[in-house]
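Hi everyone, thanks for coming. Today I'd like to walk you through the pockets and the ligand in a structure that may be new to you.

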Amino acid sequence: MSLDHRLSPELDELRRTVAEFARDVVAPKIGDFYERHEFPYEIVREMGRMGLFGLPFPEEYGGMGGDYLALGIVLEELARVDSSVAITLEAGVSLGAMPIHLFGTPEQKAEWLPRLCSGELLGAFGLTEPDGGSDAGATRTTARLDEATNEWVINGSKCFITNSGTDITGLVTVTAVTGRKPDGGPLISSIIVPSGTPGFTVAAPYSKVGWNASDTRELSFADVRVPAANLLGSEGRGYAQFLRILDEGRIAIAALATGLAQGCVDESVKYAKERHAFGRPIGANQAIQFKIADMEMRAHTARLAWRDAASRLVAGEPFKKEAALAKLHSSTIAVDNARDATQIHGGYGFMNEYPVARMWRDSKILEIGEGTSEVQRMLIARELGLTG
Ligand SMILES: Cc1cc2nc3c(=O)[nH]c(=O)nc-3n(C[C@H](O)[C@H](O)[C@H](O)COP(=O)(O)OP(=O)(O)OC[C@H]3O[C@@H](n4cnc5c(N)ncnc54)[C@H](O)[C@@H]3O)c2cc1C
């Protein structure tokens, strides 16, 4: 029996390679993309060349044969520098390709996974609708099977969908009501909709508070026809599928949040040594030192939490509660660290040219996306046997 939270030499090598990429390639360029609200195609292409979009997928599809631990390590290192590129990877892998890998037919995998793993195409997952996200079982989008043509006919809309409207988006998997159960409840199914299908409209990008170099859109479906074979898994499994996808995705978001929290420490330590006030570095003041020590403590405990959840997932053990705990904790402390890092930077912390300003703007969504903090608390309480 052993308990070792340190990384294997292979994972540490991956961590160092991505940290170098984030420092040398992402950091110098991303601020300008962010200011222009522009998707960073050249950086995403490079991430594809590095194999990052294929990280947890089998080699037969062009993946790297890694797992969620490897994905988390990469997301943490990217988000330590920038969250827009990290969420583009997270959504591409966890929401775009993973549903096809976990639930797709051999034909669907052969058609989509090689290009998703190489980063040539991005995938998206459309669950949230204008009328509700947390209560995702209340899906209003419908899909009716036209038996004459053997096609699904999809009608409805989705909102806030990441990676859904880039030039390289290949597909969006959407949840839709395809019928009724004997008790009258909705039969929810997941269906793959390729980009460019007639009747499938992608709105202009939202104007967002943060994640400004990532792609988020509203989607609408007006009599959109796709082959019956685009059903993901079997009919009526959509609800169970997205619960699984979100459980796993929470670990990825927790790793991303940990990276943002650690990036706040990195920037604050640097600034506290450089910036002088009252004749000495501001970092010579215990008030600043204590603030940074608390930030480091928060990032460290968040890291332990997401790695614990990821280890359980990789070992095939139950991980629902641990994933929710990690997501809740890491997103809370990411917001705390971003607020403190901005404070340490004084007026410069409010200027977009400083990475901490970007981190501050990027932190809030972590308490909302892939299940709000309230939803995480509901899940944890339910796992503790509290219901009603
Ligand atoms: C930038 C961005 C990217 C996103 N990407 C995607 C994506 O790729 N795919 C996708 O499907 N979705 C995506 N989302 C949607 C996101 O997952 C939802 O916004 C989130 O799940 C919350 O849903 P909602 O916005 O409808 O809020 P609501 O569900 O309306 O919740 C509003 C508030 O009420 C609280 N609340 C709701 N029910 C309860 C309850 N029972 N008890 C206590 N409090 C409650 C919530 O916690 C929240 O504070 C994205 C969102 C953003 C902003």
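I'm starting with the second largest pocket, which holds about 340 Å³ of space. Keep in mind as we go that this is a predicted model.

So who sits around that pocket? Its lining is made of 18 residues, and the ones nearest its centre are Ala 27, Arg 80, Val 81, Glu 267 and Pro 355. Helix 1 (9-35), helix 6 and helix 9 (355-363) are the elements that each give two or more residues to this lining. If you sort the lining by class, you get nine charged, six nonpolar and three polar residues.

Okay, on to the largest pocket. Its volume is about 1,200 Å³. Here 48 residues form the lining, and Thr 128, Ile 368, Gly 369, Glu 370 and Gly 371 lie nearest the centre. Several elements supply at least two residues each: helix 4 (83-103), strand 1 (122-126), strand 3 (151-162), helix 6 (238-274) and helix 10 (373-383). Which of them gives the largest share? That's helix 6, with seven residues. Remember that helix 6 also turned up in the lining of the second largest pocket. By class, the lining of the largest pocket has 24 nonpolar residues, plus 12 polar and 12 charged ones.

Now for the ligand. There are 18 residues around it, and Thr 128, Gly 133, Ser 134, Phe 160 and Thr 372 come nearest.

At Thr 162 the side chain takes part: one of its N or O atoms is 2.8 Å from a ligand nitrogen. Then there's Glu 370, where a polar backbone atom is 3.5 Å from an oxygen atom of the ligand. Taken alone, the ligand exposes 980 Å², and the protein buries 64% of that.

Conventions: Residues numbered from 1 in each chain as written. Predicted model: local features only at pLDDT ≥ 70, side-chain atom pairs only at ≥ 80, totals over all residues. Heavy atoms only, no water. 1 Å grid on protein atoms, 1.4 Å probe; cavity = no way out; pocket = protein on both sides within 12 Å on 5 of 7 lines; lining within 4 Å. Points joined across faces, edges and corners; volume = space filled by probe spheres on them. Helix = DSSP H or I, 4+ residues; strand = E, 2+ residues; numbered from the N terminus. Nonpolar A, V, L, I, M, F, W, Y, C, P; charged D, E, K, R; others polar. Near = heavy atom within 4 Å. Polar contact = N/O pair within 3.5 Å; in protein donor to acceptor, adjacent residues only side chain to side chain. Areas by Shrake-Rupley, 256 points an atom, 1.4 Å probe, with all protein chains shown as cover.
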